[in-house]
Structures are given as structure tokens and as C-alpha cells.
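Please prepare a short briefing on the model shown below, grouped by topic and with the cut-offs stated for each term.

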Amino acid sequence: MTPKQAWVLALASVASFMMALDSQVVTTALSTVREDLSASIEQLEWIVNAYNLSFAVLLLTGAALGDRFGRRRMFVTGLTVFTLASVGCAMSGDIGTLIVARAVQGAGAAMVLPLSLTLISAIFPPERRGKAMGLYLGLTGLATFSGPFIGGVIAEGLAWQWIFWLNLPVGVAAVLLALRRVDESTGHGHRLDHGGVVLVSLGSLGIVWGLVRGNLAGWDSAEVLGSLALGVALVIAFVSWERRSETPMLPMRFFRLRAFSTANAANFCVFASLYGTLFFLPQYFQTAQGLGPFEAGLRMMPWTATLMICAPVAGKLADRYSARMFVAVGLLLQTIGMSWIVLVAEPGAGYAVLLPGLIVSGAGITSAMPAAQRSAVGAVRPAEIGQASGAFMTLRIFGGVFGVAVGVAVFAGAGSHLSPEEFGSGFTAAMAAVVAFAFVGMLVALRMPAALSTTDRGGSR
């Protein structure tokens, strides 16, 4: 690895570290936030999904802005927005302000995360890209590993607001180093596809808004049905626009590449299953088993530690062997691990009984992620990596939003927060939905090509 490659990988990983740490400490602190701000389960969902809403809506736009105006410039801009929004979260005195600040955080992350993946994919050759992505996810795993513990310590020992203050020193250091150590680069195309930006942003907003509002407003309400219908119509209009555009922000021919389309579909299921687990598991330890945030964070660590261990290994081996194998087997392990949790998770269940399912699940889902990323971005030409990364991240967040929305709907139908027993009933039902997502993803992954052909590397026009 050259020094330039090392700096890009390190700074992209630091940026991802911030996002992962923020996600993990928030999920562990949800119960504390609920008590402090008198938040409902729907408002807790908004703390998670306000971030995901703006993130999903602006991801393709963030990638396109990086390709057009400079990847380093937009990467630094996104880091700055995310850091300032974190300060806003820390200073929030009510649930509404916190939700708005989380939405602004998502807008910053929409510029940072796809460009971090783009910067890595652009500077590493294809034969080393899987290993680099594995290291990227492995370093991110340090945040995922420590996040529940840090969130528990802070929420119990200080105050939940301090989980957001953590982003300030890391963000400032990352901005200054990126300006000095990362070279500027641009992508394919010379002008921004304004029509595509408007259509995909509004279409994404309609779909994600409908998913997020479905549980509170009712899945058969005019608001939800109208939002989903309008979102789908605008996405169809976006597809039609992109097919005719001279400089499309997302060439539709990408989806004729089997490696690209199947990897994205499988990863949608990966993140639906992952986010559903992240939303409910810390609450299970606290609400059903009566533990504090610190103890809940400790019990999450064997599950999250697998990201730091398995992702680099899986990414390196995916360069040598079939990415399909790692995605399919990883999702099979997630299916098995979460099925075990469904069977044994009761309010009085001992931790030793839960532990095997947590380890198997974590190992599976973290093996699937780098292989799916490698397959998706490896299917296109180097100049098109930014566009492919934006699409990959957008569908990944759609999967996360969908997983939380469906999980909350299933939970509300089977249980509540009124007692440990009622929460346990809702939790096992929500985990059954997590299992279903993983199983469907495994079936999709079996359709991935065993190896990238010439056509799969962007040859199809």
C-alpha cells in the first residue's frame, strides 16, 4: 500500500467510524432518551429514521456532486455538516429539535459515505479493492465494537447528549487532514444532471416518508398510500429521464449487469436485517431484562466485534474466491443466528443462551457486506465508481429504513413497552421479520455471478 492509498483508506475509515459510532451509541441510548424526553416508540423510530430519511434522499445527489465539483471538496463539506449537526443534537432540549438535527446529520452523511467508498475504489486497483474494503469495514468495526459500550457508559454515567459531542474532535481532525492528504478528483461527466437530481430526491423522499410514517399514520391512510404512489411514480420518471440524458447521474445500463443488480438487491436485505436488529436488540436487554445502558452495551459487544474480525478476512478472500459465496453464506448465518434468538429470547433468558445466536449472526452479516460492496462497484468502469457507490448506498439505506419500519409494525402488532413480557412478545415477532429479510437476501445472493465477466465490468452499453 502506498502512503497516498494509506491516507485515503484511513480518512475514509475515520469518516465511516464517525457514522458507525453515532449509529451504535444512539441505539444503545434510545431507552434513556425515551425516559428523558418522554418519547414514544414512534418518536424513537424518528430519531433513527430522520437521519435515514435525509441520508437516503440525498445519497445519489451527494455522489453526483462529488463527481461534478470534486470528491475531496464534497467529502470535506459533508464532514463539516455532519460535525455541526452533531453539536445541534447535543444541544437539543426536546425531541423535535433532536429529530431535526438528526435529519441534518443525515444530509452530511449523504455526502461523506458514498464518497468515502468512491475514494477507496478509485485509488485501489480491482485486484486489491476487496481487501481495502474489508479493511475499511474492519476499521469501521472498531466503532461498531466500542459503540454500544461507549453509549452505555455515557448514557448511564454522564448524559445521552455527550454521545454527540464525541463527533466534534473527530470531525475537526478529519476535515483538516483530508484537506492536506487527499488529492482532488472528479468523475464521469462535465455537468450536473439537474433533472435527475430533482426526480430522484423527490422520489426517494416519497418512498422513505411513506415507509417511516406507515406505522403512525396507518398503512392504508391517504398520506402513506399517496406518498408511496407519488414516490414510485417519480422514480419511474427518473428512470425514463436517465435513459434519455446525455450525462445521467445513474446510467440505467448498470442494472443490466447481473453482478451490480443482484449485489444491490442482496445488500438491501442485509441492511433491512441489520437495522432491524440494531433497533430492537439494545432495547430488549434494557426493557425486557431490566439492564442499564452500560450492561446492555457490554452484551452487544460480542455481536458487534465480529465486524472488526470477519470483515477484513471476508474482503480479502472475496478478491480470491467468489463474492457470491460470502454474501450467500453470510446471510445464511444471519438467518440461523437470528432464528436462534427468536427461539430462546424470553425476558428471563440467560445471556449464555443468547450468545451463540449473536456470534453466528454477527459473523454472517459482516462477511456478507464487503463482498456485496466489491461485487457492486467492481461491475462498472473506474470513472463510474462514484455513480455506482451512490446507488449502492441509497439502496442500502432504503433497506435499513424498510427493516426498521417493518420491524416496528410487527412489534406494535404483537407487543408493547408496558411490561417486560409484552416487550418480549413484540421483540420475538420483530426478530422473525429480521430472519425473513436475511433468508430472502440469501436466495437473491445465489443469483450473483460466481466471478465478474467482461460484461459485468461495465462492458454492457
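**Core, aromatic rings and helices**

The largest nonpolar core has 134 residues, and those with the most contacts inside it are Ile-47, Leu-98, Tyr-284, Phe-285 and Phe-427; such a core is a set of buried Ala, Val, Leu, Ile, Met, Phe, Trp, Tyr and Cys residues joined through side-chain atoms within 4.5 Å. Helix α10 (residues 258–288) gives the most to this core, with 15 residues. This is a predicted model, in which local features need pLDDT of at least 70 and side-chain atom pairs count only at pLDDT 80 or more, whereas totals for chains, interfaces and linings use all residues. Residues are numbered from 1 along each chain as its sequence is written, and side-chain values use heavy atoms, with hydrogens and water left out.

**Overall make-up**

- The protein has 15 helices and zero strands, these being DSSP runs (helices H or I, at least four residues; strands E, at least two) numbered from the N terminus.
- Of its 461 residues, 61% count as buried, where buried means under 20% relative accessible area, exposed over 50% and partly exposed in between, with a 1.4 Å probe and protein chains only.
- Among contacts (heavy atoms within 4.5 Å) between residues at least 6 apart in sequence, 84% join residues at least 24 apart.

**Aromatic rings**

- Leaving aside residues up to four places away in sequence, Phe-427 touches Phe-280, Leu-281, Tyr-284, Ile-341, Ala-345 and Phe-411.
- A search of the whole structure finds 12 aromatic pairs, for which rings of Phe, Tyr and Trp (its six-membered ring) must have centres within 6.5 Å, with planes under 30 degrees apart counted as stacked, over 60 as edge-to-face and the rest as tilted.
- The ring centres of Phe-271 and Tyr-275 are 6.0 Å apart and their planes are at 55°, so this pair is tilted; both residues are buried, and, being four residues apart in helix α10, they are separated by about one helical turn.
- Ring pairs also join Phe-279, Phe-280, Tyr-284, Phe-285, Tyr-351, Phe-411, Phe-423 and Phe-427 into a cluster.

- Helix α9 (residues 222–244) has 23 residues and reaches 33 Å from its first C-alpha to its last, close to the 33 Å expected, the expected span being 1.5 Å times one less than the number of residues.
- The buried residues of α9 are Val-224, Ser-227, Gly-231, Leu-234, Phe-238 and Glu-242.
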